[in-house]
Amino acid sequence: MFKSIVVAFDGSAHASKALEIGAGLASQIQIPLGIVYVIDRSHMSIPEEMRKMGEIEHLIEPSEKMVVNIENAPASMMSSLAQANADSQAAMFHYADFLVEQAAKGAKSAGVQQVDVKATLGDPAEEVVAFAKDREADLIICGNRGFGKLKSMVLGSISNKITQLAECSCLTVK
C-alpha cells in the first residue's frame, strides 16, 4: 500500500485532523511518518503601517513593492529593522519547532515507530512537496482551511497547489 506518509502541519484544526489520520495509517501499516511545518515566506513582508510611515518620512517611494531609499534611512533604524526581522524569524522558528515536536509526540503515542519532523521557511506547497519527495513519500496528507469560494478562486489554496505539484497521492482533510 504505502511506504511513507507526510503530513503538512500548521497547528490548525484541519491539520490536526490530517495528523490524526496520517498517524493512524502509519501506525496501522507500520511505516514512517514525516511532519512538516512551513513558515510562509509571503507573510514576512513589512507591515502596511510601517510601509506607510516610510512613505511619509520619504524613506521609501510609494509603490506596490517596497523600494527603500537607503541614502535617507538612518543607520540606527536600519539596524533596528534588521534586528526586529531576525528576532521575528527566530520566534517563528521557535513556534514551528514546538508545534512539530508536539505533533511528533502525538504521532508516537498513536503508535508510529518512526517520526521525522521539519520546520522550514518558504512557499508552503513547494516545501511540503519537496519534503515528501526527499522522503520518497507516497502519500501527502494536509488540511483544507476552506477560504470560501471567492478567495479560493482568486488565491488558490495550499492543499490544491500541493495536489498539483506532488508526484504522489494526496489526501485533503476537512
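## Model and conventions

The structure is a predicted model, in which local features need pLDDT of at least 70 and side-chain atom pairs count only at pLDDT 80 or more, while totals for chains, interfaces and linings use all residues. Residues are numbered from 1 along each chain as its sequence is written, and side-chain values use heavy atoms, with hydrogens and water left out.

## Overall fold

The protein chain has 6 helices and 7 strands. Both are DSSP runs numbered from the N terminus: helices are H or I with at least four residues, strands are E with at least two. Along the sequence the pattern reads β-α-β-α-β-β-α-β-α-β-α-α-β.

Of the 174 residues in the protein chain, 33% are buried. Buried means under 20% relative accessible area, exposed means over 50%, and partly exposed lies in between (1.4 Å probe, protein chains only). Contacts here are heavy atoms within 4.5 Å. Among contacts between residues at least 6 apart in sequence, 73% join residues at least 24 apart.

## The sheet

An open sheet is formed by 5 strands in the order β5-β2-β1-β6-β7, with parallel pairing. Two strands pair if DSSP finds at least two bridges between them. β5 and β7 stand at the edges with a single partner strand each, so one side of each has no neighbour in the sheet. From one strand to the next, the twist averages 20 degrees.

β1 and β6 run parallel and are joined by 3 bridges. In this pairing, V6 stands opposite I140 in β6. Helix α4 (residues 124-134) packs on the sheet and touches β1, β2, β5 and β6; its direction makes about 155 degrees with that of β2. Axes are lines fitted to C-alpha atoms, for helices over the stretch in contact, and angles run from 0 to 180 degrees between N-to-C directions.

β6 also pairs with β7, again parallel, through 5 bridges. There, L139 stands opposite S169 in β7. In β6, 4 of the 5 residues are buried, so the strand is largely enclosed by the rest of the structure.

## Nonpolar cores

The largest nonpolar core has 27 residues, and I5, L33, I35 and I141 touch the most other members. Elements giving two or more residues to this core are β1 (5-8), α1 (13-29), β2 (33-40), α3 (75-109), β5 (115-122) and β6 (139-143). A nonpolar core is a set of buried Ala, Val, Leu, Ile, Met, Phe, Trp, Tyr and Cys residues joined through side-chain atoms within 4.5 Å. In soluble globular proteins, nonpolar side chains tend to be buried together.

Not counting residues up to four places away in sequence, I141 touches I5, V6, V7, A8, A18, I21, G22, L25, L171 and V173. A second, separate core has 14 residues, including A8, F131, C142 and A166.

α3 has 35 residues and reaches 51 Å from its first C-alpha to its last, close to the 51 Å expected at 1.5 Å a residue. The expected span is 1.5 Å times one less than the number of residues. A96, L99, V100, A103, A104 and A107 are buried in α3. The buried residues of α3 pack against α1, β2 and β5. After α3 comes G111, whose phi is positive, near 105 degrees.

The count of aromatic pairs comes to 1. The rings of Y37 and Y95 have centres 6.3 Å apart and planes at 85 degrees, so the pair is edge-to-face. It links distant parts of the chain, with Y37 in strand β2 and Y95 in helix α3, 58 residues apart. Rings of Phe, Tyr and Trp (its six-membered ring) pair if their centres lie within 6.5 Å; planes under 30 degrees apart count as stacked, over 60 as edge-to-face and the rest as tilted. Y37 is buried, at a relative accessible area of 12%. Y95 is partly exposed, at 44%.

## Two further residues

S27 is found in helix α1. Its relative accessibility is 17%, so S27 counts as buried. Leaving out residues up to four places away in sequence, S27 touches A110, G111 and V112.

C168 lies in the loop between α6 (158-165) and β7 (169-173). C168 counts as partly exposed because its relative accessibility is 22%. Leaving out residues up to four places away in sequence, C168 touches A137, D138, L139 and I140. C168 and A137 are 31 residues apart in sequence and 7.2 Å apart in space, C-alpha to C-alpha.
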